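Please take a moment with the sequence and the model before reading on. The paragraphs below then lead through the structure step by step.

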Amino acid sequence: MQLVEAAAGLRRGDLKASSVLTYEADDEIADLVKNTRESMEVIDGYIEEISDILTEMAGGNLTKDGGAITDFLGEFANIKESLLFILKRFNSTLTDINE
């Protein structure tokens with residue numbers, strides 16, 4: 001039941017639904033619950049960080065250091081590269097305007 005509830009939350013975009021995943025045992029179901037919870041938490045962290053960066057950019061702060069951004073795993077690494085590319089392009093454009 002916990003997995004169904006968490007999966008429904010995930011489908012709705014509610015990554016905080018991982019908090020319902022509390023099942024613990026020494027079996028495959030517990031491993032599945034643990035991996036699902038951790039996956040949802042990692043993705044939630046990525047989304048929070050991306051949102052924070054975009055909010056800063058919208059406020060005019062284009063000074064975010066690429067080394068300060070979390071190393072996203074797997075397919076999410078492309079998102080970090082895109083954010084860094086956008087920051088570089090904005091900084092380059094603003095430098096060109098200043099010159």
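A residue is called buried when its relative accessible area is under 20%, exposed when that area is over 50%, and partly exposed in between, using a 1.4 Å probe and protein chains only. By this rule N61, with a relative accessible area of 29%, counts as partly exposed. The model is a predicted one, in which local features need pLDDT of at least 70 and side-chain atom pairs count only at pLDDT 80 or more, while totals for chains, interfaces and linings use all residues. Residues are numbered from 1 along each chain as its sequence is written, and side-chain values use heavy atoms, with hydrogens and water left out.

Helix α2 covers residues 28–58, and its 31 residues should span 45 Å at 1.5 Å a residue, which agrees with the 45 Å between its end C-alpha atoms; the expected span is 1.5 Å times one less than the number of residues. Just after α2, G60 takes a positive phi of about 100°.

The buried residues of α2 include A30, V33, M40 and D44, and the buried residues of this helix pack against α1 (2–11) and α3 (77–98). Contact here means heavy atoms within 4.5 Å. Between α2 and α3, the residues I50, I53, L54 and M57 of α2 meet I79, L83, I86, L87 and F90 of α3. Two packed helices are described by the angle between their axes and the distance between the axes. The axes of α2 and α3 come within 12 Å and cross at roughly 10°. That angle makes α2 roughly parallel to α3, a label for angles under 35 degrees, where over 145 is roughly antiparallel, 65 to 115 roughly perpendicular and the rest oblique. The axes are lines fitted to C-alpha atoms, for helices over the stretch in contact, and angles run from 0 to 180 degrees between N-to-C directions.

Which aromatic rings pair in this structure? Rings of Phe, Tyr and Trp (its six-membered ring) pair if their centres lie within 6.5 Å, and planes under 30 degrees apart count as stacked, over 60 as edge-to-face and the rest as tilted. A search of the whole structure finds two aromatic pairs. The rings of Y46 and F72 have centres 4.3 Å apart and planes at 35°, so this pair is tilted; it links Y46 in helix α2 with F72 in the loop between α2 and α3, 26 residues apart. Y46 is buried, at 6% relative accessibility. Y46 also forms a tilted pair with F76, at 5.1 Å centre to centre and 55° between the planes. Y46, F72 and F76 thus form one aromatic cluster, in which F76 is partly exposed at 31% relative accessibility.

K80 lies in helix α3 and, at 10% relative accessibility, counts as buried. Among the residues that K80 touches, not counting those up to four places away in sequence, are G66, I69 and F72. The side chain of K80 reaches the backbone oxygen of I69 at 3.2 Å.

N61 is found in the loop between α2 and α3. The side chain of N61 makes a polar contact with the side chain of T63 at 2.5 Å; a polar contact is a pair of N or O atoms within 3.5 Å, where within protein one must be able to donate a hydrogen and the other to accept it, and residues adjacent in sequence count only if both atoms are side-chain atoms.

Terms used
Helices (H or I, at least four residues) and strands (E, at least two) are DSSP runs, numbered from the N terminus.
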